[in-house]
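Welcome, and please take a moment to turn the structure around before reading on. The paragraphs below walk through it step by step.

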Amino acid sequence: PAGSGLYSGYHWGENYFAVEPMDNSSFCKCDLCQAWLDPKEEGPQDVYSSGRHSDYFFNFVNEVAKEVRKTHPDKRVVTLAYMTHAYPPKKLRLEPNVVVMYCFASNRLVYDKKEYANDLNALREWVKQYSDRPMYLWLYYTFPVEVANNGQWFCFPGYFAHKIEEQMKLFRKYKMGGMFHCGYGQEVEAYVSYRLMDDPTLKVDALLDEYFRRYYGGAAGPMKKLYLAIEKTYCDPKSYPPGYHGHESKLIAWNSLGTEGRMAQFGKLMAQARSLAVTEEEKERMKLFDMATWSYMVAGQQQHLAHKNAPIPSVQVPRVGEAQGDPAKVDWKKSVALGGSWYDRGQDQPADRRLSGRIAHDGRFLYMELTDPCDTAKLSASPTVFCYDDWEIFVAAQRAEPYRQYAVGPTGLTIALSHGEVNFRRNVEMPGYPLKVVPDTSAADRWISRLAFPLADLVKGGVRTGGRFYMNILRVSGPEIAKKGGIGIDTWISYCSVHDVDRLGEVQLLE
């Protein structure tokens, strides 16, 4: 916005230059840079938004801003208050030509009291310390849909209209200069947000009455009741397990939120709304909601119920003699078979191919032997390991994010990726990860891969003897190997394919 008073001269477009790092905190490790970090802030973080790197980051932005002011005194630098630099810096004050866009990371995670309160506190600190300049907002309407899309599952709708009203009033009080919305989850939230951005004095209940009356006509009553019931379920911390923290997961979506009882009540409201839709326009709008939202919710619940009672294998891993991280030195006769069946494409139908695996540990390393009885002359060694032929091992400290993915090709080429450890990002490469592989394609009818993982770095935080972690193994086959043509995916766990982590098998390391 531009005009007189507080916002005078702050025109967007050619007058602003954005300075912001990539979406992570993998900053420089040199002594000069490390000196800007506060050792007190370097411990484990139990909230997403922190000031862990604020002094370091905003010092860099300041240096850029100083140079800009020398050559272009009428221009400004805009940056984000985000992630590990979400709080104002302590050791310096921002240059006058620096403008901040605050990332309200949990604006839709309203059920997470810890995250929500922390983000409000960070915003309050920015307003308190920099009341002499305008501030802007980055809002995350993209959740929970983005998390579900990334994981290829169905989320429980994140309705939160009443919280939008609360937030917009706060933004008005704090004289926020503008906002960017990172995605929209549902049209009701979009409608309410647009109206309140235009006039934050409006009341959300009146806006909801207006929306449902004008959009659904005769079906407005039950459709509004349905919205409010879903909103209350999503926003209420009591709908979640005690102390639940973070984004909605597949298990939370349909085990805690969209329970069978709630879905039955929602279904009755849907049936009532369909019967009350009179005009062709009202009927078409009901069909749109049915296709876009209700059928999506039903699919999510059906998927959950199908997975709920399916068995998940577990394995107790024996301790073998010290092999010093070399799979070739392992006494594989003392290892144990992974057991269970293998499944086609992560569903519940048995795989056509006869895959097998064995596993052991020596207190320092986890060892695996994976065997694929195939025509080794047909194996394809991709230059980046993906997308075939490979073995892919997914491991986590729990049946949820964060998790890691290790992939191994027929020549022994490997890649290690983290998912959810760095800013909830997926596919973050872990260069130099010490995974040792001994590939064996010497036989014409068999590909054997023997692997050694350091237990101290198998998952974030490591795992010790006597402890446990969770795992799934996939064999991704190229068209020359897959019996059904195309790319084949066979999994150790049923209903658990690529990036599915809610059904990982339990692995216990025996003493």
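What follows is a short tour, from the whole chain to a sheet, a pair of helices and a few side chains.

Please keep in mind that this is a predicted model. The protein chain has 511 residues, and 52% of them count as buried. Along its principal axes, the C-alpha trace spans about 80 × 70 × 40 Å. You can find 11 helices and 19 strands in the chain. If you look at contacts between residues at least 6 apart in sequence, 69% of them join residues at least 24 apart.

Let us turn to a sheet. In general, strands of a sheet pair through backbone hydrogen bonds, either parallel or antiparallel. Here, five strands make an open sheet in the order β7-β9-β10-β16-β15, and the pairing is antiparallel. Strands β7 and β15 stand at the edges with a single partner strand each, so one side of each has no neighbour in the sheet.

One place to look is A337, whose bridge partner in β9 is R358. From β9, six bridges lead on to β10, residues 365-372, and these two strands run antiparallel. Along this pairing, I359 stands opposite M368 of β10. The strands β9 and β10 form a hairpin with three residues between them, and in this hairpin G363 takes a positive phi near 95°.

Next come two helices. Two packed helices are described by the angle between their axes and the distance between the axes. Helix α7 takes in residues 204-216 and helix α11 residues 280-308; they pack at an angle of about 115°, with axes 8 Å apart. On the α7 side, R214, Y215 and Y216 make the contact, while α11 brings E282, R285, M286, L288 and F289. Sorted by class, this contact of α7 with α11 has five nonpolar residues, three charged ones and no polar ones.

Helix α7 also leads us to the aromatic rings. Across the whole structure, a search finds 32 aromatic pairs. In one of them, F212 and Y216 have ring centres 5.9 Å apart and planes at 20°, so the pair counts as stacked, the cut-off being under 30 degrees. Both residues lie in α7, four residues apart, which is about one turn of the helix. Are F212 and Y216 buried or exposed? Both F212 and Y216 are buried. They also belong to one aromatic cluster, formed by Y159, Y191, Y211, F212, Y215, Y216 and Y227.

Our last stop is N62, which sits in helix α2, residues 54-71. With a relative accessible area of 4%, N62 is buried, because buried means under 20%. Leaving aside residues up to four places away in sequence, N62 touches L92, R93, L94, E95 and V98. One of these neighbours, R93, has a ring beside it to look at: R93 lies over the face of Y130, at 4.2 Å from the ring centre.

Technical notes: Residues numbered from 1 in each chain as written. Heavy atoms only, no water. Pairing = 2+ DSSP bridges. Axes fitted to C-alpha atoms, helices over the stretch in contact; angles between N-to-C directions. Contact = heavy atoms within 4.5 Å. Nonpolar A, V, L, I, M, F, W, Y, C, P; charged D, E, K, R; others polar. Phe/Tyr/Trp six-rings, centres within 6.5 Å; stacked < 30°, edge-to-face > 60°. Buried < 20%, exposed > 50% of the residue type's maximum accessible area, 1.4 Å probe, protein only. Lys NZ or Arg CZ within 6 Å of the ring centre and 35° of its normal.
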